[in-house]
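Try each task yourself before you read its solution.

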Amino acid sequence: MLQDRIAKRYATSIFDLAVEKNQLQSVANDFDTIGSIFKTNREFSLLLKSPIVTADKKRDILKAIFHGKISPITETFLGILVRKGRENVLEVVAREFVALFDKHQNQQKALITSAQQLSPETISLIKKQLENKFNSTILIETKINPDLIGGFVIRIDDLLYDTSILNRIQNLRKQFSENSYIVKL
């Protein structure tokens, strides 16, 4: 999509500037905060994407929310986004920036979804095996989905490792629906 490419360019630009100014960690913290606001507050996203709200009003709102709480580089960057009419891609820019930062730090995020809470020992064991496999630091996030019945699902970037009972049942249903054991005449 066009917006994704635009967001990636903006994220790369601010990332390069933060590296050049030796403020990568503080800018990364800023974009982590911005990303978490988008995750928890849908109205914030709708506000920035609204064509009814003027650019001046959006700039004032962003300034009221973030002034003094984020680095000057990030604050200036937000002003540029609004001035260019690109505030609607801020959510994707934040996500792309965090991805660039994680890659720079040799980190990957793994989401482990399980039917019930996994023990810390199990999470530690999974983390260790993933770090060996991917040769990077793995940041674990856990989620519970009782529909899985048992087992777990691990998602790292575009990779999916599914050992859930639900997945096995779905695979069995598919095999039985194909009915390859009965000869059709």
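**Overall layout**

Residues 24 or more positions apart account for 66% of the contacts in the protein with a separation of 6 or more, where contact means heavy atoms within 4.5 Å. The model is predicted: local features need pLDDT of at least 70, side-chain atom pairs count only at pLDDT 80 or more, and totals for chains, interfaces and linings use all residues. Numbering starts from 1 along each chain as its sequence is written, and side-chain values use heavy atoms, with hydrogens and water left out.

**Exercise 1.** Determine which residues of H1 are buried and where they sit around the helix axis.

*Solution.* First apply the cut-offs: buried is under 20% relative accessible area, exposed over 50%, and partly exposed in between, using a 1.4 Å probe and protein chains only. In H1, the buried residues are Ile6, Ala7, Tyr10, Ala11, Ile14, Phe15 and Ala18. Then look down the axis, using the directions from the axis to the C-beta atoms. These buried residues fall within an arc of 165 degrees, so they line one face of H1. On the other side, Leu2, Arg5, Arg9 and Glu20 are exposed. Finally, the buried residues of H1 pack against H2, H5 and H6.

**Exercise 2.** Classify the ring pair of tyrosine 10 and phenylalanine 77.

*Solution.* Rings of Phe, Tyr and Trp (its six-membered ring) pair if their centres lie within 6.5 Å; planes under 30 degrees apart are stacked, over 60 edge-to-face, and the rest tilted. A search of the whole structure gives six aromatic pairs. For tyrosine 10 and phenylalanine 77, the centres are 6.1 Å apart and the planes at 70 degrees, so the pair is edge-to-face. Tyrosine 10 is in helix H1 and phenylalanine 77 in helix H5, so the pair ties together parts that are 67 residues apart in sequence.

**Exercise 3.** Identify the nonpolar cores and the neighbours of phenylalanine 97.

*Solution.* A nonpolar core joins buried Ala, Val, Leu, Ile, Met, Phe, Trp, Tyr and Cys residues through side-chain atoms within 4.5 Å. The largest has 31 residues, with the most contacts inside it made by Phe31, Ile34, Leu90, Val93 and Phe97. A second, separate core of nine residues includes Ile112, Leu118, Ile126 and Ile138. Leaving out residues up to four places away in sequence, phenylalanine 97 touches Ala11, Ile14, Phe15, Leu24, Val27, Ala28 and Phe31.

**Exercise 4.** Repeat the burial analysis for H7.

*Solution.* The buried residues of H7 are Ile123, Ile126 and Leu130. They cover an arc of only 65 degrees, which puts them on the same side of H7. Their cover includes strands S1 (107-114), S2 (137-144) and S3 (152-156).

How values were computed. Helices (H or I, at least four residues) and strands (E, at least two) are DSSP runs, numbered from the N terminus.
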